[in-house]
Number of protein chains: 4
Amino acid sequence: MAASGTLAFPVISVSDSAVKLALDNTHGTGQSTIDGIVRATGILLAGKIFVVGGFGHVARGIAVRARGMGARVIVTETLPTAALRAAMEGFTVRPMAEAARVGDIFCTATGMCDVITGDHLDEMKDGAILANAGHFDREIDLQALADRTVEERAVRGNTVEHVLFDGRRLYLLADGRVVNLVAAEGNPSEVMDATFAAQLMALLRLVGDRRPSRPGVYYLSAEDDEELARMKLATLGISTDR
Amino acid sequence: MAASGTLAFPVISVSDSAVKLALDNTHGTGQSTIDGIVRATGILLAGKIFVVGGFGHVARGIAVRARGMGARVIVTETLPTAALRAAMEGFTVRPMAEAARVGDIFCTATGMCDVITGDHLDEMKDGAILANAGHFDREIDLQALADRTVEERAVRGNTVEHVLFDGRRLYLLADGRVVNLVAAEGNPSEVMDATFAAQLMALLRLVGDRRPSRPGVYYLSAEDDEELARMKLATLGISTDR
Amino acid sequence: MAASGTLAFPVISVSDSAVKLALDNTHGTGQSTIDGIVRATGILLAGKIFVVGGFGHVARGIAVRARGMGARVIVTETLPTAALRAAMEGFTVRPMAEAARVGDIFCTATGMCDVITGDHLDEMKDGAILANAGHFDREIDLQALADRTVEERAVRGNTVEHVLFDGRRLYLLADGRVVNLVAAEGNPSEVMDATFAAQLMALLRLVGDRRPSRPGVYYLSAEDDEELARMKLATLGISTDR
Amino acid sequence: MAASGTLAFPVISVSDSAVKLALDNTHGTGQSTIDGIVRATGILLAGKIFVVGGFGHVARGIAVRARGMGARVIVTETLPTAALRAAMEGFTVRPMAEAARVGDIFCTATGMCDVITGDHLDEMKDGAILANAGHFDREIDLQALADRTVEERAVRGNTVEHVLFDGRRLYLLADGRVVNLVAAEGNPSEVMDATFAAQLMALLRLVGDRRPSRPGVYYLSAEDDEELARMKLATLGISTDR
């Protein structure tokens with residue numbers, strides 16, 4: 001809208017706050033996605049091959065936590081810099097077409113569509129589990145899954161078994177919607193407090209003395225982010241140097 | 001009973017099976033205890049100080065998983081060899097009297113009584129969380145907690161807030177009972193299958209040709225454990241060398 | 001120089017390349033700093049308290065690797081956002097004045113002066129080890145160390161024992177110079193190749209068709225960084241999705 | 001010798017001391033083997049595929065530390081219980097014949113012969129690195145390597161390049177001898193002190209009042225091990241509960 005000139009007022013993009021990215025996206029969603037998958041399935045993560053679609057802030061949080069629970073993590077990425085970061089952090093990086101053949105659990109978190117396609121579904125092992133922690137139920141191609149399904153039944157609260165025409169069974173969690181919100185409780189209040197504080201600070205900046213005068217997308221300043229981090233650290237009882 | 005001569009028949013102690021210790025005690029309970037604490041409280045583990053009472057198989061599993069979720073873990077132990085192992089694995093080892101002053105979450109898993117006493121409760125921070133994953137509700141001195149409580153209320157399904165006479169609030173999970181069974185679903189079926197297989201193998205050994213003829217406590221042989229592990233690996237699709 | 005108008009030609013700051021930051025600063029220096037400290041001292045890292053001054057790219061790499069070797073890591077920071085990131089990754093964050101009292105090994109990597117001051121030296125335990133992996137020998141106040149030293153002797157190739165007036169002994173590595181260059185071999189060639197490729201690309205951009213026409217500090221583009229990462233991934237045999 | 005009746009005096013097997021196994025074998029050799037490989041080769045471990053032959057105390061220490069340095073670790077084992085433990089700790093477990101095709105670095109630590117055979121050498125990638133941390137230079141089949149080598153040259157102090165008849169190059173470290181002793185400095189004194197203390201305690205037990213009267217292999221008692229651990233913890237400044 002800003003690019004096309006249809007944005008009628010100043011906006012502050014809180015999503016780019018360093019504090020929100022670190023706390024909410026990475027560590028909040030990292031924990032709650034693992035939580036959602038465990039609640040939905042009741043499976044053991046140790047020793048499993050856990051495929052994470054993406055290595056942005058959210059996906060990295062999931063990858064780190066899945067590894068922390070003993071899973072072997074494969075990361076798929078399209079962006080070379082992100083793939084390189086993942087590899088240097090000790091994750092296996094492979095194309096989804098290869099990961100599809102070996103994964104026990106798949107969790108997409110890219111913000112893109114069709115991260116898992118019909119071709120990938122065709123390669124998956126009997127018993128593979130499909131979850132999404134990215135935005136909306138578009139990361140897994142649900143139509144492709146439906147096209148291959150001859151029978152489906154709910155086996156647990158948020159787990160639907162899809163029996164495919166070739167007999168393999170795939171397990172879709174939370175209808176492909178955001179698994180940490182549907183199957184768990186979303187992010188802890190201790191994470192959301194920082195995100196809400198960033199939103200409040202953005203509102204104050206939009207009405208304050210130095211508010212932006214023209215329509216456009218603005219950001220919290222580095223100083224704002226440091227102030228948010230300082231407040232959050234204080235609630236955690238953590239002191240820093242001056 | 002064996003020592004006192006009152007054991008009337010042969011018994012095989014499945015609890016000492018290497019497969020059961022590795023899978024069930026360490027990785028099963030490690031995951032499900034974290035699961036129970038998160039479901040009961042909804043808190044973020046990253047950055048928290050998580051005190052684990054003990055460093056036996058169960059406690060070590062909890063410590064490893066808590067660290068995997070981003071917590072800073074303190075281990076308390078009475079056994080010097082276990083304390084040394086914990087320290088070499090990078091855990092902070094301190095007496096409970098010191099850990100009590102700094103911990104955010106406490107989880108006992110020793111199989112002993114009174115791991116957390118009234119003296120420890122007196123030192124804890126406002127807001128500390130108390131859980132137990134060991135045997136029975138004797139690891140936290142519940143009477144000492146009751147003696148200090150002036151008001152209590154359920155704040156979530158398995159979390160009771162205890163307001164102490166000095167105003168501090170402590171949060172007791174699952175009434176001090178085994179938190180992974182009460183607040184989560186216990187260990188995954190993929191863990192219990194190995195434990196049940198060990199029990200079945202013990203039964204076969206008790207009725208087979210080479211069954212023990214005298215009353216006493218017996219164990220599965222090393223060969224039995226290797227056979228159990230071989231079957232479990234096969235279900236996981238893992239091959240080894242010959 | 002750019003700000004003061006004295007910069008006479010266009011410059012590309014390769015140091016800000018995402019590929020250089022990830023590979024060279026974090027993982028290259030992370031490994032080689034640990035290497036330098038082990039070669040200089042011959043100590044065991046497991047179980048030690050390892051204090052890292054800073055949590056920028058270099059310092060984070062050192063913190064992650066020290067933890068990977070079994071040390072308990074304390075991070076000191078002045079920047080709240082960096083401190084928060086460290087805490088969420090499970091590191092203990094404390095002011096240097098507190099860390100000074102408990103650390104076994106100190107390694108500064110901030111790019112600032114006087115991260116470890118005389119006041120900090122006064123608090124350190126007998127036997128503490130001092131190293132620097134940041135820029136130049138200014139992060140540890142060497143004058144303050146000299147002022148407190150009554151006797152010094154080389155105990156190993158790059159380790160000098162300082163006996164202080166109160167009898168405590170501190171061990172300074174590599175004269176406070178960059179420990180991974182002095183006591184080890186610097187960063188592996190597999191890291192430097194990417195950094196040198198970034199430098200070559202910067203040179204090509206400075207002489208190419210779309211070279212900057214005015215003096216100033218420029219950066220590699222996101223596309224340049226992706227191209228560098230793509231080449232590096234190819235040498236590692238790692239494929240990504242398209 | 002004990003089994004054949006040729007052992008002429010009582011012997012205490014210090015190698016089975018719980019303190020020695022935990023400290024010396026696992027954490028001492030774990031660190032010093034990584035150290036030896038890095039000093040011999042100068043390579044970056046992050047992102048590499050590091051194959052560990054075995055998952056006993058020594059091999060596990062190496063696997064844990066290699067992972068701590070950012071490598072992706074594959075474990076090969078013959079013993080199913082050890083393979084299962086490795087898998088549950090998040091390591092990839094595969095037969096050596098499969099690992100041979102993908103590994104960047106191989107390190108044997110089994111105490112057996114011919115862990116890496118000619119067949120495995122035939123599968124390895126150009127540039128693979130071969131090291132041994134187990135007992136003696138028998139774990140890698142050096143004759144098989146020699147049979148395939150058309151040219152060899154020392155490329156660094158403890159690294160010999162073997163150009164094979166098919167043009168591939170393999171790099172043998174320390175002539176296949178124990179890499180932590182040859183290419184690094186062996187285990188830190190802080191580890192050996194505990195091992196030497198165990199040896200001294202064994203001597204005291206062999207001459208003390210309750211010394212064994214008949215030839216045979218004896219062990220330190222659990223109480224002896226706890227006493228050793230207690231002393232070691234005291235030197236580390238670590239307190240435990242009573």
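**Exercise 1.** Is T33(D) buried or exposed?

*Solution.* The model is predicted, so local features need pLDDT of at least 70 and side-chain atom pairs count only at pLDDT 80 or more, while totals for chains, interfaces and linings use all residues. Residues are numbered from 1 along each chain as its sequence is written, chains are lettered from A in the order in which they are written, and side-chain values use heavy atoms, without hydrogens and water.

Step 1. Buried means under 20% relative accessible area, exposed over 50%, and partly exposed in between (1.4 Å probe, protein chains only).
Step 2. T33(D) has a relative accessible area of 0%, and therefore T33(D) is buried.

**Exercise 2.** Describe the surroundings of T33(D).

*Solution.* Step 1. The residue T33(D) belongs to helix α1 of chain D, residues 18-41. Helices are DSSP runs (H or I, at least four residues), and strands are runs of E of at least two; both are numbered from the N terminus.
Step 1. Leaving aside residues up to four places away in sequence, T33(D) touches I62(D), C107(D), A133(D), V179(D) and N180(D); contact means heavy atoms within 4.5 Å.
Step 2. Within the chain, the side chain of T33(D) reaches the backbone oxygen of T29(D) at 2.7 Å.
Step 3. A59(D) is 26 residues from T33(D) in sequence, and their C-alpha atoms are 9.8 Å apart in space.

**Exercise 3.** Characterise the interface between chain D and chain B.

*Solution.* Step 1. Contacts link 36 residues of chain D with 35 residues of chain B.
Step 1. The size of an interface is often given as the accessible area lost when the parts come together. Buried area is that loss for two parts (1.4 Å probe), summed over both. For chain D and chain B the buried area is about 2,900 Å², with 68% given by carbon and sulfur atoms. Of the area that chain D buries here, L84(D), M88(D) and D241(D) supply 22%, more than any other three residues.
Step 2. There are two salt bridges between chain D and chain B, a salt bridge being a side-chain nitrogen of Lys or Arg within 4 Å of a carboxyl oxygen of Asp or Glu. E89(D) forms a salt bridge with R60(B), and the closest N and O atoms are 3.9 Å apart.
Step 3. The side of chain D that touches chain B comprises 18 nonpolar, six polar and 12 charged residues. Here Ala, Val, Leu, Ile, Met, Phe, Trp, Tyr, Cys and Pro count as nonpolar, Asp, Glu, Lys and Arg as charged, and the others, Gly among them, as polar.

**Exercise 4.** Why do the copies meet through the same surface?

*Solution.* Of the interface residues of chain D, 97% are also interface residues in chain B, so the copies meet through the same surface.

**Exercise 5.** Characterise the interface between chain A and chain D.

*Solution.* Step 1. In this interface, 10 residues of chain A are in contact with 10 residues of chain D.
Step 1. The two chains bury about 760 Å² between them, 61% of it on carbon and sulfur atoms. R72(A), M88(A) and G90(A) supply 51% of the area that chain A buries against chain D, more than any other three residues.
Step 2. The number of salt bridges between chain A and chain D is zero.
Step 3. By class, the side of chain A that touches chain D has five nonpolar, four polar and one charged residue.

Notes:
Polar contact = N/O pair within 3.5 Å; in protein donor to acceptor, adjacent residues only side chain to side chain.
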